[in-house]
Amino acid sequence: MYTLPSKLKLFSIVLIVLGLAGIIFGFLTTPKTIDDVKKIMAEQESLHGDSHAVAGNEEGETANFVDEARGQEGYSENAMKHATDLKPEGHGAASHEEHVLHQLQTRPWSATFVAAFFFMMLALGALVFYAIQYASQAGWSPVLYRIIEGITTYLLPGSIIVFLIVVFAGTHFYPWQDHELVAGDKILQEKSTYLNFPFFLIRAVIYLLGWNLYRYFSRKNSLVQADTNNYGPYRKNFKISVFFLIFFIVTEATMSWDWFMSMTPHWYSTLFAWYIFASMFVSAITVIALVTIHLKGLGLIPFVSDKHLHDLAKYMFAFSIFWTYLWFSQFMLIWYANIPEEVTYFIIRIQEYKLLFFGMLILNFVFPILVLMNSDYKRIPWFVVIAAVFILVGHYIDIFLLVMPSTVGHNWHFGIPEIAALLFFLGLFILVVGKGLSKVSLKPENDPFIKESENYHF
Amino acid sequence: MAATKIHAIYTDDDLLMQAVKQTRSANYHISEVFTPFPVHGLDHAVGIAPTRIAITSFLYGLVGLSVAVLMMNYMMIQDWPQNIGGKPSFTFYQNMPAFIPIMFELTVFFAGHLMVITFYMRSKLWPFKKAENPDPRTTDDHFLMEVDADNHDVEKLTKFLYDTGASEISLIENEQDH
């Protein structure tokens, strides 16, 4: 039996309180009117002299990275015009401030959403990993079932929070929910059969129900299996896992279109859903490895050996590469063809988020590949922990870069709202997962593969 | 140098593993083991040092990567930087996404092929190489353990190997070492 160490519990509660205070602070300090924005812009102007954040895009720097790469000055500017045209205000001095006001008001929403989704996807990814283990009748992983179930405990609270955010964010995130804008935009009108609020809501409810029901029943069957002498519950779990995986891969795709891609409704990418899945899956496996190391450190799971850790680390390694493969496939195809309606997505990310955009590649690809390539290192817990920290930070940045450029654009900062949201959800995650782990014995008795799993070695 | 060896034949891989462990703990030197298929854990039981072929492969991969980078930097950026479809050929990094598929493939190509060639050279495998198989049955269903007998009492060693479950034991004396 596991109990969340009291220090960790206190730590997570402190995180939640601090985070909550920071989130509220973030929402309260957004500018309310255009006059506030003007004041902020004037302040920044006087502070930097040469301004970069709020007013930077319109004047100043004529040649940026993208222009240089293209060898044509003003290319990115022209391509981006397309994206900024989305805002109902159009162009002009007053409308620019209105635009900035909207982005500044969106910032706490985005900050909260990034962290909320990041921690939810850890639980969801763990659930998918769990389903895959059942559906593939894996012989090595049953010793980890209780640990994964513990992590997926967070899915219910986490997904409800994410659901509330996407439903109530409205035009903060989703320009297609602005009727005035849609009325003047042919592209959005064409898409409105899919991108309309009632259908959006129904889809979100379906995702939420589907994922959480699978989590509820698989956990239940798994616990029932521990007390029975036949394999009935296991067989049930096998079946529902197969159906969940089918359901998941469809809903995951539509979820990423709904919640992320429709933030920039003029832009689309076929690979997008897989790309988000890769991010989700690799960070979830990383968290499974971290929790396993934590429990192993406490001496609670003697049946988990360094061979199991080795396998988890292999998954971390392989899916880091898989993520990079998808990231690059998406980037390179768009970069190569350089079609204005597609390339805006990357122009804003490279221009305004250059360090994060390329730094993320180092964290998500170069470090894991170098740290985890050697097979001996995969069995050393602290090596895995180092790689895990790189991967988790990297994928937080990944989600940050999905949301922020599309919603707050140039007006991003990594400040109190972002850090607070991260702390809040980290605290909540630790607390909920700790609670989930402490409910039952950590060894899934009577699982048909538990014996094989315990004696697993290679 | 006259080498005296004893060939002990086993009919089961579990028996072989057992025999290898006993022979090692009795301080006899196993010079070679012939099996029809890979026996899991045998290398460890015989006490063979872990292979370093993965390290060579990693290094070959780095060589491949360097070849790709140098080649394309020279051809596309230095030697004749043309404007091909508007792709920026001013510096290497500006046009890098277009080079990555080639960089990746050459890394894999070098790592894979050079590693295989290294494997062939280290294991002395090539076409028309004379097979070194002491008993053709070891390619089918028999397992053969070759033990050095030079400094040991052959009688005692034979008795020992018989006790480990060997189904056939033969004394081999030959002039050349292979």
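**Notebook: patch, helices and salt bridges**

I began with the nonpolar patch, and I found that its largest share, five residues, comes from α3(B). I am working on a predicted model, in which local features need pLDDT of at least 70, side-chain atom pairs count only at pLDDT 80 or more, and totals for chains, interfaces and linings use all residues. Residues are numbered from 1 along each chain as its sequence is written, chains are lettered from A and ligands numbered from 1 in the order in which they are written, and side-chain values use heavy atoms, with hydrogens and water left out.

**Entry: the patch**

I listed the members. The patch covers about 810 Å² and is made by A:Ile362, A:Val366, A:Phe367, A:Leu370, A:Met373, B:Ile55, B:Phe58, B:Leu59, B:Leu62 and B:Leu65. The elements that give two or more residues are α15 (354-372) of chain A and α3 (53-79) of chain B. Patch rule, for my own use: residues have over 30% relative accessible area and no salt bridge; like charges are joined within 9 Å, and nonpolar side chains (Val, Leu, Ile, Met, Phe, Trp, Tyr) within 5 Å. Areas come from the Shrake-Rupley method with a 1.4 Å probe, and for residues only the protein chains shown count as cover. Helices (H or I, at least four residues) and strands (E, at least two) are DSSP runs, numbered from the N terminus.

I then picked out B:Phe58, which sits in helix α3 of chain B. Its relative accessible area is 34%, so I noted B:Phe58 as partly exposed. The classes are buried under 20% relative accessible area, exposed over 50%, and partly exposed in between (1.4 Å probe, protein chains only).

**Entry: the UniProt spans**

I checked the record for chain B. The unreviewed UniProt entry lists residues 58-77 and 97-120 under "transmembrane region". UniProt positions are in the numbering used here, feature names are shortened, and annotations may be inferred rather than shown by experiment. In the model, residues 58-77 of chain B are 100% helix and 0% strand, with the end C-alpha atoms 27 Å apart. Residues 97-120 of chain B are also 100% helix and 0% strand, and there the end C-alpha atoms lie 35 Å apart.

**Entry: α16(A)**

I followed this helix from end to end. α16 of chain A runs over residues 381-407, 27 residues in total, and reaches 39 Å from first C-alpha to last, close to the 39 Å expected at 1.5 Å a residue. The expected span is 1.5 Å times one less than the number of residues. Where does α16(A) bend? I found a bend of about 25 degrees at A:Phe400; the bend is the angle between axes fitted to the seven residues ending there and the seven starting there. α16(A) is mostly covered, with 20 of its 27 residues buried. Just after α16(A), A:Gly409 has a positive phi of about 60 degrees.

**Entry: salt bridges**

I looked up A:Arg203 and A:Asp258 next, whose closest N and O atoms are 2.6 Å apart. This pair links distant parts of the chain, 55 residues apart: A:Arg203 is in α10 (residues 197-225) and A:Asp258 in α11 (residues 232-259), both helices of chain A. A:Arg203 is buried at 5% relative accessibility. A:Asp258 is buried at 0%.

A:Lys314 and A:Asp311 pair at 3.3 Å, N to O. Both lie in helix α13 (residues 306-337) of chain A, three residues apart, about one turn of the helix. Is A:Asp311 buried or exposed? At 8% relative accessibility, A:Asp311 is buried, while A:Lys314 is partly exposed at 34%.

A:Lys307 and A:Asp306 also form a salt bridge, at 3.8 Å, N to O. A:Lys307 is partly exposed at 21%, and A:Asp306 is partly exposed at 33%. I also logged a network of salt bridges linking A:Arg146, A:Glu149 and A:Arg219.

**Entry: positive phi**

Most residues other than glycine have a negative phi. I noted two asparagines here. A:Asn446 has a positive phi of about 65 degrees and lies in the loop between α17 (416-437) and α18 (450-454) of chain A. A:Asn446 is partly exposed at 33%. B:Asn27 has a positive phi of about 65 degrees, in the loop between α1 (13-25) and β2 (30-34) of chain B. At 64% relative accessibility, B:Asn27 is exposed.

Methods. A salt bridge is a side-chain nitrogen of Lys or Arg within 4 Å of a carboxyl oxygen of Asp or Glu.
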